[in-house]
Amino acid sequence: MDGFLPYLLIIIPALAAAVSTGTSILYATLGELVMERAGVLNLGVEGMMMVGCLASFLGCYHTGSPWFGLLCGGVAAMGMSAIHGAVCLFFQGSQVVSGLALTLFGVGVANYLGTPYIQQKVVGFASFNVPVLSSIPVLGPIFFQHDAMVYLSFFIPPLLWFLFMRTRYGLALRSTGENPEAVRAAGISPSAVRWSALMLGGFLVGMGGAYLALASMRMWVDNLVSGRGWIAVALVIFAFWRPGRAVFGVYLFTGVTAYLFRVQALGVGIPSSFLNMLPYLMTLAVLFASSLKGRGSGAPADLGNNLKPGS
Amino acid sequence: MSGWRIVSRTEPREWGSVVIFAVAFALSLLICALLLAVQGKDGLGGIGLLLSGGFGHLYSYGETLLKAIPIFLCSLGVALCFRLQVWNIGAEGQYVIGTLGGCWFALSFPGLPVWLMMPGMLASAMLAGGLWAAVAAVLRQRWGMNEIISTLMLNYIGIEILKHLIYGPWKDPAGMNFPVSPYFAESAIIGPVWNPDFWTGIGLSDGIVDTLAQLFGRAHWGILSCLIAGALCSFFLRKGMRGFEITAAGSNAKAARFAGIPYSRLVVLVMFVCGALAGLAGMQETSATLNRLEPHIVVGYGYTAVVVAWLAKLRTMRIAFFAFILAGLRVGVENLQLELQISSSFANTLEGIILITVLAGQFFNDYAIRRKPRQSVPGAGV
Amino acid sequence: MSAISQHTNSAPQPGGSAQPVVRLEGISKFFGQVRANYDIHLSIGAGRIKALLGENGAGKSTLMSILAGRLQPDFGRIVVDGEHRVFRSPKDAHLAGIGMVYQHFMLIDSMSVADNVLLGHEGSFRISPAKMRERVAKLSAEYGLEVDPAARVGSLSMGERQRVEILKLLCRQSRVLIFDEPTAVLTPTEAEQLFKAMRRMAEQGKSIVFISHKLPEVLEISDEISILRRGEVVDNFVRAQVPDEAELARRMLGRDLRKGDDIALSAEILPGSSASDAGTAQGLKEIMGELPLPKIKGRGKFLAQSEPVLSLSGVRCSAQDSVGVHDVSFAIAKGQILALLGVAGNGQKELVEAICGLRGLDSGSISILDHPVDEYWKMQPPHGGLGYIPEDRRGVASCPDLDLVDNFLLTTRKLFSRYGLLDRKRAMRATKALIREHNVLPGNPKAKGSELSGGNLQKLIVGRELLRNPRCIIAENPTQGLDVAAMEEVWQRLRIAKESSGILLVTGDVSEALALADYLAVIYRGKIVDLFSVEDRAKVERIGLMMAGSASLAG
């Protein structure tokens with residue numbers, strides 16, 4: 001191989017792969033972003049994704065409907081979110097510890113309950129080309145030759161932006177993340193806002209898990225999420241808690257990873273153990289990049305604090 | 001009518017945490033029974049197997065003790081970090097890298113006598129684990145990187161490095177292509193505590209030696225390092241100036257900075273100590289139980305240690321207690337695996353549930369739910 | 001004194017409606033054993049400005065929190081427009097037309113003024129930022145509360161933030177507005193503007209309740225005055241009945257305040273200094289023994305007598321979210337108190353952080369006891385160095401979860417350690433002695449920092465800092481929130497400490513500065529407006545203007 005051409009030619013398939021592998025992380029990142037904007041730090045994303053992943057698999061496995069599976073995944077992760085809500089919003093437990101516990105529990109329980117289904121296949125979401133758009137050069141193959149969940153994911157960030165910036169609910173949600181006392185003084189219940197954000201965010205995280213079972217793998221294997229939940233948590237920081245930047249962050253992340261995998265396939269001597277580490281190294285790099293702009297810039301001021309009870 | 005309100009307790013209830021743990025523990029086991037029942041297994045019988053596997057027999061204590069050693073060491077370090085409000089979730093990775101440090105020494109200098117080999121392995125394991133942890137500390141203090149995520153990522157990376165070595169440069173040529181290293185030299189192996197010759201040699205009767213044999217089982221001399229590390233930690237936290245600074249900075253980091261406490265250096269220090277302890281745990285585990293490097297040296301002790309540290313509220317004696325309990329549960333789950341053919345992830349599930357229930361139960365120690373005094377009727381006055 | 005007293009009295013005529021808007025009947029509130037309010041009766045009329053006067057801890061804030069729905073009374077009832085109402089939350093109070101401007105603003109710094117004002121009252125599910133700005137602009141024009149609706153709250157001055165809080169209430173059509181010590185964070189000029197706005201609101205029929213312990217402003221603005229003491233209303237009268245401050249003070253304290261009392265204080269108020277008090281227990285001095293001057297590597301002893309203990313020259317530092325510090329220079333020698341006077345948020349915090357070695361300098365230099373600031377903090381002599389009495393007692397000066405011994409050790413730990421080990425027994429004895437000599441309550445050294453009241457915590461902190469025989473002291477608003485007795489005690493201790501050290505007094509309170517300082521440096525937007533001696537009458541007269549940023553004229 002000589003010249004740059006092969007390295008250029010693999011960019012488009014790499015970006016297409018970035019979009020499809022990024023979709024799961026994108027849903028999870030946006031879900032975590034919703035929760036964190038309301039001031040709830042939920043480090044249980046990994047566990048929630050696992051549970052959502054298994055639930056969606058089982059839903060689809062037993063009914064044959066991927067859409068029903070998706071619903072199951074979202075609702076199951078919402079249930080996990082509700083545990084976090086009960087522990088932190090009601091019982092005043094530490095958000096950090098609760099999130100870690102949720103991850104331990106979620107990963108464990110999904111692997112345990114999923115054991116009988118290992119290597120079983122489901123119908124899942126099939127790829128189809130979007131008419132007209134898919135034939136646009138460059139953009140077509142990158143964005144419009146995927147499955148329904150990928151296309152659905154394109155609508156979520158603008159919807160979230162609209163929700164945050166142009167609705168009364170969004171203003172209350174953002175305010176709750178910054179100063180719940182001010183929200184309370186304005187006659188809105190910050191606890192209700194946080195609960196709703198947990199539910200909405202939980203559903204999105206569950207969709208991220210569902211994507212892995214229903215679209216990427218279309219079968220059940222152990223430890224399907226393998227750290228993507230944590231990557232999502234890191235990407236929220238990288239995104240400075242903004243939906244638009246989250247999209248950029250996710251595709252950048254998966255884009256670089258996919259590109260390097262393809263470079264290795266070209267026969268360049270990248271050791272495969274390095275490629276295995278790549279997602280984690282990239283996560284560190286992403287965190288590093290966001291920290292260069294200054295500590296926690298854009299972080300909701302009340303992130304991770306519990307509401308005082310009884311006031 | 002909102003007739004109830006939540007008020008904060010000024011004095012936590014005396015026996016509160018004991019009761020809370022007992023109730024939460026029982027509740028967790030019930031949930032686990034349900035999970036077993038979901039898969040068509042005998043739920044309560046399974047819980048019985050679990051408990052008897054971990055604590056039911058004399059010999060199960062030996063197995064439990066064996067697992068409690070690394071959990072205790074890791075947890076001691078994690079607790080130190082938590083005390084300073086540094087959320088180090090990276091004991092797992094530090095354990096792995098420490099193991100690698102120890103193995104490197106053992107494999108590189110097989111000919112050394114015990115008195116050189118052991119200190120060398122100890123030092124290189126502790127140094128490797130400590131430096132690995134210090135990376136996250138420096139990233140946190142210098143660039144403000146979130147240590148929860150960075151330590152977790154370093155866990156994953158550490159495990160990949162282990163795999164790389166064991167499938168590559170360190171693979172035993174005579175190992176039939178299994179991912180294992182060559183066996184360590186005799187001098188690099190930590191022996192079991194129970195050694196009949198040694199104990200009868202100091203004049204104990206056969207009956208006692210027999211009981212000891214069962215009680216200690218495969219538990220190795222690493223238990224000594226637990227005693228030393230535990231004693232040193234609690235001594236320095238209580239009496240040492242650095243220990244005081246850690247406690248103070250953990251309680252209020254801002255006040256500590258204004259009081260001239262070198263906060264950043266403390267963060268690096270506690271992380272290094274935690275990494276060193278975890279590394280020590282990993283090296284002992286490899287040397288004593290496997291006698292060579294194998295992939296299943298990584299079984300999640302580092303994560304269990306986080307659970308233990310939190311359950312123990314960072315107190316040394318309680319860490320020992322909870323390390324023993326959770327080690328017992330791990331042994332019990334292994335028993336379940338054998339008897340009921342369930343997945344090993346059941347241990348994590350159980351730990352997660354215990355943590356969640358205790359976390360929620362803690363509420364009843366810190367707060368009381370009281371009936372609101374009624375609004376006075378007009379004219380009632382005072 | 002300050003600009004406030006120059007105002008001529010022109011209280012607006014009361015609206016004079018027969019039925020009060022709000023009546024409090026027999027309100028009582030207990031916190032555990034503490035009686036915060038007891039059988040309080042109060043009525044508030046439309047178009048009237050009512051001042052609620054009392055010392056700290058008299059129960060003013062509790063009473064108003066009850067009226068604003070934040071707290072529920074244990075007994076008694078609230079009557080609005082002749083109708084008995086029960087407030088379970090601030091929302092209920094809002095619905096009854098009652099709102100409160102808290103001392104600590106409840107605003108969201110990262111959002112715009114319009115977002116803050118309209119939060120919870122947006123009107124429709126879909127919101128439009130442009131329309132929201134328009135609504136707020138209209139409202140602020142109506143009441144003369146100037147503020148840019150598009151500005152981020154974090155970038156506003158304290159006065160502007162307060163206007164945002166008021167707009168929030170006006171937007172909710174509140175008829176009763178409660179102000180909790182509203183002038184504490186304002187410059188004299190801003191306070192004047194606030195009073196004008198308050199009068200305008202009263203003219204439009206709003207009722208205003210105004211909590212204060214500053215006598216001149218109460219006389220200036222109020223129509224009616226109620227005095228609270230120990231949780232009870234002890235006096236109720238109209239403004240016209242009190243001729244002057246002395247009379248008002250007499251009514252507030254229930255005793256005569258001697259003229260010039262705030263300056264001439266005898267040493268006898270210090271509990272530790274009276275001989276009878278020493279008793280049998282070991283005194284602090286004995287426990288600590290003699291503390292020789294620390295030896296510092298390289299320079300032998302540090303600092304000769306005549307040199308300044310703290311000197312800043314051309315200090316600049318920038319800060320992301322605040323004004324920063326621009327070209328500040330001054331020096332303080334032993335035996336001097338320099339008051340850095342200014343409204344909060346004008347760079348004082350950054351300056352103190354820079355002196356404490358926690359903020360890098362862009363240019364200029366700071367030298368503490370003849371050592372560059374970095375070098376000083378690297379060696380940190382255990383005593384005879386710099387003592388710091390922070391403004392934020394709970395956030396910066398103490399650890400709320402730790403006991404008093406640990407809180408005592410926080411800055412004195414090096415005096416009790418040897419070979420890296422702490423002598424906790426001696427520390428315990430010293431803490432007990434300090435508690436006794438400084439009259440800290442409760443006197444249990446095992447009590448948590450969070451269990452102490454602000455005043456008692458401050459006594460512990462002051463005692464702890466002075467114990468180290470500091471030769472340079474930084475005291476930030478050392479008497480904020482303290483009652484008169486505690487304030488007098490802190491002042492007296494600082495005066496005594498001045499004998500052996502140089503003191504930088506950072507304060508926003510003109511009377512405190514005048515009572516203690518030898519020199520005044522007025523700071524505005526990170527710059528020193530002027531530095532002068534308290535003897536300079538002409539300049540002292542102009543302090544109010546300087547604090548608002550107008551540079552002093554020569555002469």
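Reader: Leaving aside its neighbours within four places in sequence, which residues is C:Val22 in contact with?

Author: This is a predicted model, and in it C:Val22 is in contact with C:Ile44, C:Ile78, C:Val80, C:Ile98 and C:Val176, once neighbours within four places in sequence are set aside. C:Val22 itself is found in strand E1 of chain C.

Reader: Why is C:Val22 called buried?

Author: Just count. The cut-off for buried is 20 or more other C-beta atoms within 10 Å. C:Val22 has 22 of them, so it is buried.

Reader: And what makes C:Asn439 partly exposed?

Author: Buried starts at 20, exposed means 12 or fewer, and partly exposed is what lies in between. C:Asn439 has 17 C-beta neighbours inside 10 Å, so it counts as partly exposed. You'll find C:Asn439 in the loop between helix H15 (424-437) and helix H16 (454-467) of chain C.

Reader: What is the phi of C:Asn439?

Author: It's positive, about 55 degrees, although C:Asn439 is not a glycine. Most residues other than glycine have a negative phi.

Reader: Where is C:Asn469, and why does it count as partly exposed?

Author: C:Asn469 is found in the loop between H16 and strand E21 (472-476) of chain C. With 17 C-beta neighbours inside 10 Å, C:Asn469 falls between the two cut-offs, so it counts as partly exposed. C:Asn469 has a positive phi too, of about 45 degrees, and is not a glycine.

Reader: Why are H7(A) and H8(A) called roughly perpendicular?

Author: The axes of helix H7 (residues 148-166) and helix H8 (residues 168-178) of chain A cross at roughly 80 degrees and come within 5 Å. That angle is inside the range, so the two helices are roughly perpendicular to each other. On the H7(A) side, the contact is made by A:Leu163, A:Phe164, A:Met165 and A:Arg166, while H8(A) brings A:Tyr169, A:Gly170, A:Leu173 and A:Arg174. Those residues divide into five nonpolar, one polar and two charged.

Reader: Which residues have the most contacts inside the largest nonpolar core?

Author: They are A:Leu235, B:Met271 and C:Leu505, in a core of 384 residues.

Reader: How do you know that this core lies between domain 1 and domain 2 of chain C?

Author: Domain 1 (21-253) and domain 2 (275-547) of chain C both give residues to the core, so it lies between them.

Reader: How many residues of chain C are in contact with chain B?

Author: There are 33, and they touch 21 residues of chain B. The largest share of that side of chain C, four residues, comes from H14(C).

Terms used
Residues numbered from 1 in each chain as written. Chains lettered and ligands numbered in written order. Predicted model: local features only at pLDDT ≥ 70, side-chain atom pairs only at ≥ 80, totals over all residues. Contact = placed C-beta atoms within 7 Å. Core = buried A, V, L, I, M, F, W, Y, C linked by C-beta atoms within 7 Å. Domains from an automatic or database assignment. Axes fitted to C-alpha atoms, helices over the stretch in contact; angles between N-to-C directions. Parallel < 35°, antiparallel > 145°, perpendicular 65-115°, else oblique. Nonpolar A, V, L, I, M, F, W, Y, C, P; charged D, E, K, R; others polar.
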